[in-house]
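Please look through the structure shown below, with the sequence beside it, and keep both in view while reading. The paragraphs that follow lead from the inside of the fold to its surface and then to its charged pairs.

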Amino acid sequence: METNVYKPYFNIIALMIFTSLALAFTVDVRNSDEAGVKTVLPAQVDDWTGSDMRFCLNDQCQREFVASQLQNLDVCPVCGGVLGSLSLQEKQILPSDTVVVKKRYVNPAGKTIFVSIVLSGVERSSIHRPEGCVQGQGRTIVKTHTIKVPLLNRAPLDIKLLELVREYTSANSGKVDVPQYYAYWFVGKDRETPDNLARMFWMAYDRIFRNVAHRWAYISLAGTRDLDSLEHEKEIRAFIRELYPEISLENRS
Ligand SMILES: [Zn+2]
């Protein structure tokens, strides 16, 4: 169908118009503190047990620790550097009023999922396309796709799934490639999307038609994946199905 050829352009033009209008109306836009998601991660998600993380801010060290294994939450046991709840890189990139909550979840089989919620501050600039941050540090994105997570009493949630390979160098075995995944979606007040362009559209739309700039959040999961099975997708779906009602503001039960 010939009309489909122009479809991407319509989207871009529509976005440009909305963005221009948004800029024109910026003066009158009211910043809202309202978030679309809770900023507390549960201690337990199904049979996954969560722990807080601490990060060494010494750029020569930058080790990560599970908080419960530390005697002093503020001092790195390896280098003596300062520990924080964000990694050095995040601390350098994110505006200081960004809210970040993170937990490491481990299940009885010993599998690990890292979960974070990043809620933008007043500047609304804390959130950008996660692909930019995920690449680098030895990580390469090999595939990107959207998967559906079935949820109770509502339509499935679309999430973006990045399949990564991370290269590690170890003293014993040299270079090792570890297959990993990074899954995410964005949440604004009454809005959800796995797509950053759509998020930018809704931000512009809300500025114009609701006269408000809400705080967007993004929720991410990171873990390892099998190269020859879709087991990690099953794991992600099962995990989010349990996590979602815990962090959703719509949950009034
Ligand atoms: Zn350290």
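Helices (H or I, at least four residues) and strands (E, at least two) are DSSP runs, and they are numbered from the N terminus. By that naming, Val106 belongs to strand 7. This is a predicted model, in which local features need pLDDT of at least 70 and side-chain atom pairs count only at pLDDT 80 or more, while totals for chains, interfaces and linings use all residues. Residues are numbered from 1 along each chain as its sequence is written, and side-chain values use heavy atoms, with hydrogens and water left out.

Val106 counts as partly exposed because its relative accessibility is 24%. Although Val106 and Trp48 are 58 residues apart in sequence, their C-alpha atoms are 5.2 Å apart in space.

The inside of the fold comes next. A nonpolar core is a set of buried Ala, Val, Leu, Ile, Met, Phe, Trp, Tyr and Cys residues joined through side-chain atoms within 4.5 Å. The largest such core holds 30 residues, and those that touch the most other members are Ile159, Trp185, Leu221, Ile236, Phe239 and Ile240. At least two residues of this core are supplied by each of strand 7 (99-106), strand 8 (112-119), strand 9 (139-149), strand 10 (157-170), strand 11 (174-188), strand 14 (217-224) and helix 5 (231-247). Which element gives the largest share of this core? That element is helix 5, from which 6 residues come.

A salt bridge, in turn, is a side-chain nitrogen of Lys or Arg within 4 Å of a carboxyl oxygen of Asp or Glu. Accessible areas come from the Shrake-Rupley method with a 1.4 Å probe, and for residues only the protein chains shown count as cover. A nonpolar patch on the surface is formed by Tyr9, Ile13 and Ile17, which together have about 320 Å² of accessible area. Of these, Tyr9 can be found in helix 1 (residues 3-25), and Tyr9 is exposed because its relative accessible area is 52%.

Lys and Arg count as positive and Asp and Glu as negative, whereas His and the chain ends are not counted; the place of a charge is taken as NZ of Lys, CZ of Arg, CG of Asp or CD of Glu. Asp46, Asp47, Glu242 and Glu246 form a negative surface patch. Asp47 sits in the loop between strand 2 (44-45) and strand 3 (48-51), and it counts as partly exposed because its relative accessibility is 38%. Asp46 is placed in the loop between strand 2 and strand 3, and it counts as exposed because its relative accessibility is 52%.

The backbone also deserves a look. Most residues other than glycine have a negative phi. Asp46, however, is not a glycine and has a positive phi of about 55°. Asn211, another residue other than glycine, has a positive phi near 60°, and Asn211 lies in the loop between helix 4 (196-209) and strand 13 (212-215).

Finally, how many salt bridges are there by the rule given above? The count comes to 14 salt bridges. One of them joins Glu235 with Lys111, whose closest N and O atoms are 3.1 Å apart. This pair links distant parts of the chain, since Glu235 is in helix 5 and Lys111 is in the loop between strand 7 and strand 8, 124 residues apart. Glu235 is buried because its relative accessible area is 14%, whereas Lys111, at 30%, is partly exposed.

A salt bridge is also formed by Lys160 and Asp195, with the closest N and O atoms 4.0 Å apart. Lys160 is in strand 10 and Asp195 in the loop between strand 12 and helix 4, so that this pair links distant parts of the chain, 35 residues apart. Lys160 counts as buried because its relative accessibility is 12%, while Asp195 is partly exposed at 29%. Salt bridges that share partners also join Lys189, Asp190, Arg191, Asp206 and Arg210 into one network.

Terms used: Patches are made of residues with over 30% relative accessible area and no salt bridge: like charges are joined within 9 Å, nonpolar side chains (Val, Leu, Ile, Met, Phe, Trp, Tyr) within 5 Å. Buried means under 20% relative accessible area, exposed over 50%, partly exposed in between (1.4 Å probe, protein chains only).
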